[in-house]
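Take each task in turn, try it yourself, and then follow the solution step by step.

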Amino acid sequence: MNFALTTLRLMCLAWLWPVALLKGSNTQNQRRHKDVYLGENTRHKHGGRIDFKMKKSDSTKSLLIKSEQLLRIEDHDFAMRPGFGGSAIPVGIDVQVESIDSISEVNMDFTMTLYLRHYWQDDRLAFPSSNNKSRTFDARLVKKIWVPDVFFVHSKRSFIHDTTMENIMLRVYPDGNILYSVRITVTALCSMDFSRFPLDTQNCSLELESYAYNENDLMLYWKNGNDSLRTDEIALSQFFIEEFHPSYGLAFYSSTGWYNRLYINFILRRHIFFFMLQTYFPTMLMVMLSWVSFWIDRRAVPARVSLGITTVLTMSTIITGVSASMPQVSYVKAVDIYLWASFLFVFLSVIEYAAVNYFTTVEEMKKLQKGKLPVSYNANQAMAYDGCFHDDIDVSPFPELPTTPSTTRTIPPRASSTEPPPTEGTRLWRKRSMGKNIRFIMSNSYMIDSYSRILFPVAYLLFNIIYWCIYS
């Protein structure tokens with residue numbers, strides 16, 4: 001009986017064996033055709049490159065998942081700060097300034113690029129490690145844990161660099177110590193004082209503070225004291241950086257309390273050479289150019305007037321250009337004092353010629369009325385004195401006066417007979433009063449130019465000495 005059952009089973013296996021082989025070959029053929037179909041589709045999609053379907057998950061994702069499991073991120077609520085309910089958590093800060101990109105006097109701000117690094121301890125992120133080595137992560141893990149909410153006080157614009165990835169680094173040590181570094185460019189306010197511009201020194205600061213946590217929850221401090229602030233080699237076009245130093249303090253808000261605040265202070269001294277070339281030297285040359293008119297004949301009206309007007313307009317252009325590049329402040333700057341004083345000197349040189357021309361005209365009119373002009377005086381000379389032709393003046397030749405000894409010098413009658421005549425040995429020159437001096441100069445207008453050649457340069461030199469002694 002057993003033999004019969006065994007024989008029957010063998011016959012069934014012998015009959016089913018070819019069918020199983022046929023099905024196996026069909027399955028292999030179908031799988032091969034499916035792979036070829038997938039390969040062809042992939043080739044069409046990717047330009048001839050064959051990418052077979054990966055059965056395993058992405059290694060980066062699996063590594064990140066393993067890291068999250070190692071740090072036990074899902075086991076804790078990272079919306080709370082470390083040690084919530086206890087004392088304030090200390091967060092150390094150090095900064096490396098990469099560059100100061102720009103300093104704007106018009107907007108009163110500066111732009112700085114820096115590496116901001118935070119140090120604190122979070123026992124929730126401690127992990128076992130046989131070699132005591134840290135683990136480094138990027139911005140993907142930072143979004144899942146607690147980090148200090150440090151912001152820049154008085155900042156206008158700021159952003160984290162994101163090329164090619166976000167410039168964020170997180171380094172976790174086995175004992176729970178954390179280093180969080182970020183690369184930021186920030187534009188912040190700098191209250192500048194331009195009363196000594198451009199011979200000024202500006203003191204600017206970048207202020208760091210926690211936005212949500214006051215001093216009872218978070219304590220900011222400089223990680224390494226004065227060595228916490230480091231700078232690269234920074235070169236600015238218009239400023240020289242005299243000093244970089246950190247400091248700290250407290251800030252009070254009436255509704256939220258006291259907050260720890262850190263300061264990055266830097267002192268900027270302006271380079272004067274640029275303004276010497278663009279402002280001071282051209283202004284000095286314009287003032288000196290206005291003095292040239294003192295050596296031009298007072299009868300050359302077009303030359304002296306055009307020279308005076310040209311220097312006045314040039315000074316106006318310089319003042320307008322300097323004012324356009326400066327903020328509209330309500331106080332007087334040092335450069336304004338120099339420019340307006342120089343403009344006054346140029347303007348006075350024009351007024352000086354107006355006085356010379358007027359007194360010359362008055363003098364010649366008096367001579368015409370008294371008939372003391374020479375015979376050779378003609379209409380062209382009359383026009384040259386004040387720049388216009390006088391048709392109503394009779395410039396006909398006067399009879400030549402006899403040249404006898406009695407008429408060589410005309411002595412005007414004395415005003416009073418009480419003054420005794422000068423005796424022998426008495427000086428003919430007497431000290432005149434101020435009014436007589438003025439009348440003497442008015443009657444001899446050519447002396448105004450002579451005095452101006454000395455008074456104007458001496459006064460301008462004295463002004464420059466006083467100016468540079470005060471502001472330099």
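**Exercise 1.** Which residues are buried in helix 5?

*Solution.* Before starting, note that this is a predicted model, in which local features need pLDDT of at least 70, side-chain atom pairs count only at pLDDT 80 or more, and totals for chains, interfaces and linings use all residues. Residues are numbered from 1 along each chain as its sequence is written, and side-chain values use heavy atoms, with hydrogens and water left out.

Step 1: Helices (H or I, at least four residues) and strands (E, at least two) are DSSP runs, numbered from the N terminus. Buried means under 20% relative accessible area, exposed over 50%, and partly exposed in between (1.4 Å probe, protein chains only).

Step 2: read along the helix. The buried residues of helix 5 are Val301, Arg304, Leu307, Gly308, Thr311, Val312, Met315, Ile318, Ile319 and Val322.

Step 3: think about the spacing. An α-helix has 3.6 residues a turn, so residues three or four places apart point the same way.

**Exercise 2.** At what angle do helix 5 and helix 6 pack?

*Solution.* Step 1: two packed helices are described by the angle between their axes and the distance between the axes. Axes are lines fitted to C-alpha atoms, for helices over the stretch in contact, and angles run from 0 to 180 degrees between N-to-C directions.

Step 1: helix 5 and helix 6 pack at about 165°, with their axes 10 Å apart. Angles under 35 degrees count as roughly parallel, over 145 as roughly antiparallel, 65 to 115 as roughly perpendicular and the rest as oblique. Helix 5 and helix 6 are therefore roughly antiparallel to each other.

Step 2: look at who touches whom, where contact means heavy atoms within 4.5 Å. Residues making this contact include Gly308, Thr311 and Met315 of helix 5, and Leu339, Phe343 and Val346 of helix 6.

**Exercise 3.** Helix 4 (residues 273-290) packs with helix 6 (residues 334-370) and with helix 9 (residues 446-471). What is the handedness of the crossing of helix 4 and helix 6, and what is that of helix 4 and helix 9?

*Solution.* Step 1: take helix 6. Its axis and that of helix 4 come within 9 Å and cross at roughly 15°. Helix 4 and helix 6 are therefore roughly parallel to each other. Their crossing is left-handed (the near helix is turned anticlockwise from the far one by less than a right angle; clockwise would be right-handed). Among the residues in contact are Tyr280, Thr283 and Val287 of helix 4, and Tyr338 and Phe345 of helix 6.

Step 1: take helix 9. Helix 4 and helix 9 pack at about 155°, with axes 12 Å apart. That makes helix 4 roughly antiparallel to helix 9. The crossing of helix 4 and helix 9 is right-handed. Helix 4 takes part through residues including Met276, Tyr280 and Thr283, and helix 9 through residues including Tyr460 and Trp468.

**Exercise 4.** Is valine 153 buried or exposed?

*Solution.* Step 1: find valine 153 in strand 4 (residues 150-153). Step 2: its relative accessible area is 8%, so valine 153 is buried. Step 3: leaving aside neighbours within four places in sequence, valine 153 is in contact with Glu207, Glu209 and Arg261.

Step 2: turn to histidine 154, in the loop between strand 4 and strand 5. Histidine 154 is partly exposed, with a relative accessible area of 46%.

**Exercise 5.** Which residues does a cis peptide bond join?

*Solution.* Step 1: recall that most residues other than glycine have a negative phi, and most peptide bonds are trans. Step 2: a cis bond joins threonine 163 and threonine 164, with omega about -5°. Another cis bond joins phenylalanine 197 and proline 198, with omega about 0°. Step 3: for phi, methionine 108 has a positive value of about 55° although it is not a glycine. Histidine 154 also has a positive phi, about 60°.
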